[in-house]
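Take a moment with the sequence and the fold before reading on. The tour below starts with charged side chains and ends with a helix.

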Amino acid sequence: MIKYGIDVSKHQGDIEWIKVKNSGKVEFAILRAGYGNSISQKDIKFEKHYSECVKNNIPVGAYWYSYAMSESEAKQEANAFLQVIKNKQFAYPVYFDLEEPKQLALGKAKCSAIAKAFLEKMEKSGYFVGLYMSKSHLETYISEEIRNKYVVWVAHYGVSKTNYSGQFGIWQKSDSGSVSGISGNVDLNECYFNYPVLIQNAGLNGFAKSVTVPNSEPEQKQEKYFSVSVDNKTYSGTLAEK
């Protein structure tokens, strides 16, 4: 079953989350936690967005916008991200957002190394992590190894169905959506995998490990294998057929 969601940052301003919930169009939200390498760069709306989503029973993920130009800077950004999201729970993955032109200019090997440094740091801290990029940037600037190891959130607009060839769990299909409770445009996403069950059962992203998860969904037809290692433990699965 496809889940429909949005992603937001300070650029959406004040959001009336009760209206978002009541719209029936939003089943999850991915929140920008911040950017750069300092906790002072936390998104000024992140805390409000998080608390309102929890209050209105909207499952959330998070992402960190990168400016890192080296592996060491990527690790600093991961440390800042960890501080911002500490003591919070995320039923959806936490993502690394790499898209700055100056980063892409470094080339495929360097971009892949930067992404790997950030993602490995987050993994070792107990988070189920993924990579957010546009289709063309993923295919051009990220190694197949990284694209296969980590779950992908791919951006691809203006098409009825993305033709990104790699595995992905979420497709960001539009940057000009409209949802009640949000002034102006908002990004629209489709999710094809039941991340909350995997993440909560595995005890990742701030959740305590459990045997069962209430209200879990029935199994779906699956395809696209992935395997994620966290703290020397491997969590494997498949991404639902699109």
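Glutamate 16 is partly exposed, at 41% relative accessibility. The term covers the range between buried (under 20% relative accessible area) and exposed (over 50%), computed with a 1.4 Å probe on protein chains only. The partner of glutamate 16 is lysine 19, and the two form a salt bridge with their closest N and O atoms 3.4 Å apart. Lysine 19 is also partly exposed, with a relative accessible area of 40%. A salt bridge here means a side-chain nitrogen of Lys or Arg within 4 Å of a carboxyl oxygen of Asp or Glu. Side chains of opposite charge can pair when their charged atoms come close. The whole structure holds 11 salt bridges.

This is a predicted model, in which local features need pLDDT of at least 70 and side-chain atom pairs count only at pLDDT 80 or more, while totals for chains, interfaces and linings use all residues. Residues are numbered from 1 along each chain as its sequence is written, and side-chain values use heavy atoms, with hydrogens and water left out.

Now move to glutamate 47. Its side chain meets that of lysine 88 in a salt bridge, 3.0 Å from N to O. This pair links distant parts of the chain, 41 residues apart. Glutamate 47 sits in helix α2 (residues 46-55), and lysine 88 in the loop between α3 (71-85) and β4 (94-97). Helices (H or I, at least four residues) and strands (E, at least two) are DSSP runs, numbered from the N terminus. Which residues does the network of shared partners join? Salt bridges that share partners join Lys42, Glu47 and Lys88. The side chains of lysine 42 and glutamate 47 meet at 3.1 Å, N to O.

Glutamate 47 is partly exposed, with a relative accessible area of 32%. Lysine 42 is partly exposed as well, at 30%.

Next comes asparagine 22, in helix α1 (residues 17-22). Asparagine 22 is exposed, with a relative accessible area of 59%. Its C-alpha atom and that of glycine 181 are separated by 9.2 Å.

Finish at helix α8 (residues 195-202). Its buried residues are Tyr195, Pro196, Leu198, Ile199 and Ala202. Why do they lie on the same side of α8? Because they cover an arc of only 165° around the axis. That arc is taken from the directions from the helix axis to the C-beta atoms. Glycine 203 follows α8, with a positive phi near 70°.
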